[in-house]
Amino acid sequence: MNTNTNHQEAVEKVRELIKDIEIAMLTTVSEEGLVSRPMKTQDVEFDGTLWFLTKKDTGKFHELFRNKQVNVAYADKSFVSIRGEAELVESAEKVKEFWNKAYEELLETTYDDPNLVLIKVNAETAEYWDSGNKFKMVKFLFNKLMGKNTEGTELNQTVEL
């Protein structure tokens with residue numbers, strides 16, 4: 001299997017695991033250490049990048065300005081941890097594309113606020129625990145309980161994106 005096929009399969013697997021998880025935990029690096037906060041993932045099909053909306057007058061904006069390394073964690077029927085580099089994107093057009101009425105109340109502003117900025121996370125690697133697959137989960141737990149090797153259960157994998 002070639003590298004391009006492996007990459008596409010990895011992206012598709014991560015897309016499948018996170019597609020119905022609306023809120024992620026975005027971890028940034030502050031002067032005091034790591035900081036995580038809940039963020040709504042934008043409704044865009046995962047292609048190796050994730051999008052979030054924030055304001056420029058927030059801690060995360062300033063943290064990303066200093067250190068672009070982030071981690072994004074998703075938890076629901078499966079668990080996914082995505083490591084990557086963030087990019088601050090100022091695009092009124094893109095903000096308007098992602099905007100919905102819920103943000104007006106949540107962010108206490110309107111889509112045309114110049115203080116709004118997008119966070120684009122370019123994923124580098126993803127580690128996932130596919131607990132949504134009952135068969136794999138039972139096999140993994142059985143092997144773990146029996147003190148057997150859990151490799152090959154494919155419940156937990158790390159993929160390069």
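A reminder to myself: I am reading a predicted model.

**Entry: the whole chain**

I went through the secondary structure next. I found 5 helices and 7 strands in the chain. Reading along the sequence, I noted the order α-β-β-β-α-β-β-α-α-β-α-β. The chain has 161 residues, and 41% of them count as buried. I also checked how far apart contacting residues sit in sequence. Of the contacts in the chain with a separation of 6 or more, 66% are between residues 24 or more positions apart.

**Entry: helix 2**

I then turned to helix 2, which covers residues 59–66. Which of its residues are buried? I listed K60, F61, E63 and L64. Looking down the axis of helix 2, I saw that these buried residues fall within an arc of 165°, so they line one face of the helix. On the face turned away from the buried side of helix 2, I found the exposed residues F65 and R66.

What covers the buried residues of helix 2? My list includes strand 1 (23–29), strand 2 (34–40) and strand 3 (49–55). It also includes strand 4 (69–75), strand 5 (79–89) and strand 6 (116–129).

**Entry: E63**

Is E63 buried or exposed? I count E63 as buried because its relative accessible area is 8%, and the cut-off for buried is under 20%. Its side chain has a partner: a polar contact of 3.1 Å joins the side chains of E63 and R37. Leaving aside neighbours within four places in sequence, I have E63 in contact with T28, V29, S30, V35 and R37.

**Entry: K55**

My last stop was K55, in strand 3. K55 has 16% relative accessibility, so I put this lysine down as buried. Which residues does K55 touch, not counting those up to four places away in sequence? I wrote down F61, L107, E108, T109, N115, L116 and V117. F61 is also on my list of buried residues in helix 2. I checked one distance as well: K55 and D113 are 58 residues apart in sequence, and their C-alpha atoms are 9.1 Å apart in space.

Technical notes. Residues numbered from 1 in each chain as written. Predicted model: local features only at pLDDT ≥ 70, side-chain atom pairs only at ≥ 80, totals over all residues. Heavy atoms only, no water. Helix = DSSP H or I, 4+ residues; strand = E, 2+ residues; numbered from the N terminus. Buried < 20%, exposed > 50% of the residue type's maximum accessible area, 1.4 Å probe, protein only. Contact = heavy atoms within 4.5 Å. Polar contact = N/O pair within 3.5 Å; in protein donor to acceptor, adjacent residues only side chain to side chain. Arc of directions from axis to C-beta.
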